[in-house]
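Q: Got the model open. Can we walk through the helix packing and then the overall layout?
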Amino acid sequence: MRAIYPAVGAMPPVAVHWRPSVLVVEDDPAIRMLLRDLLEDAGMHVEDAKDAETALRLLSVAAEAGGRYRVLVTDVNLGRGLDGVALAALARRQAPNIHVVYVTGNPERVFGRSGGSGLRERVIGKPFANSELVATVRGLAASPAPGTDC
């Protein structure tokens, strides 16, 4: 019996799909699972944390491993400990190019206006349309960070 191998270059190219890495931080388990499922169903790689402290550990581990999260999706009110705004500020110390989506029931009260407080930030009010969340995260993940080509 003789083995037959395909000729070099005979194999069709394999499509590589970029899957942005997203870190979801939400203290309510049901909402956290919803956010994770929505983003995973949209083709994103998602990890989640129940609080800011856990999220900061995940960010640190990712940085040490040479990886990074493209987008941080965080509730503003995370219960005890740091809130989502403080978390985002600390996350940017570890990952300066991370994009942030704040999810909150009162976006105008938190930031004085809806839409976000910077080029790499967006605010989505609760309740939100699933498509709005996915489109917002996808848009930020695809946009280059300031001062970079990726």
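Q: At roughly what angle do the axes of α1 and α5 cross, and within what distance do they come?
A: This is a predicted model, to start with. In it, the two axes cross at roughly 60 degrees and come within 10 Å.

Q: Is that crossing right-handed or left-handed?
A: Right-handed, as α1 passes α5.

Q: Which residues meet there, in α1 and in α5?
A: From α1, Leu35, Leu38 and Leu39. They meet Asn130, Leu133, Val134 and Val137 of α5.

Q: How do the residues of that contact divide into nonpolar, polar and charged?
A: The contact of α1 with α5 has 6 nonpolar residues and 1 polar. No charged residue takes part.

Q: Stay on α5. What should its 13 residues span, and how far apart are the end C-alpha atoms?
A: Helix α5 covers residues 130-142.

Q: Which residues of α5 are buried?
A: Leu133, Val134, Thr136, Val137, Leu140 and Ala141.

Q: Where do those buried residues fall, seen down the axis of α5?
A: Within an arc of 165 degrees, so they line one face of the helix.

Q: What covers the buried residues of α5?
A: The cover includes helix α1 (29-41). It also includes strands β1 (21-25), β3 (71-75), β4 (99-104) and β5 (121-125).

Q: Switching to strands. Where is tyrosine 102 found?
A: In strand β4.

Q: Is tyrosine 102 buried or exposed?
A: Buried. Its relative accessible area is 2%, and the cut-off for buried is under 20%.

Q: How far apart are tyrosine 102 and glutamate 121 in sequence and in space?
A: They are 19 residues apart in sequence. C-alpha to C-alpha, they are 7.5 Å apart in space.

Q: Zoom out. How many helices and strands does the protein chain have?
A: The chain has 5 helices and 5 strands. From the N terminus on, they run β-α-β-α-β-α-β-α-β-α.

Q: What percentage of the 150 residues count as buried?
A: 37% of them.

Q: Last one: for contacts with a separation of 6 or more, what share comes from residues 24 or more positions apart?
A: Such residues account for 61% of those contacts in the protein chain.

Note on methods. Residues numbered from 1 in each chain as written. Predicted model: local features only at pLDDT ≥ 70, side-chain atom pairs only at ≥ 80, totals over all residues. Heavy atoms only, no water. Helix = DSSP H or I, 4+ residues; strand = E, 2+ residues; numbered from the N terminus. Expected span 1.5 Å × (residues − 1). Buried < 20%, exposed > 50% of the residue type's maximum accessible area, 1.4 Å probe, protein only. Arc of directions from axis to C-beta. Contact = heavy atoms within 4.5 Å. Axes fitted to C-alpha atoms, helices over the stretch in contact; angles between N-to-C directions. Left-handed = near helix turned anticlockwise from the far one by under 90°. Nonpolar A, V, L, I, M, F, W, Y, C, P; charged D, E, K, R; others polar.
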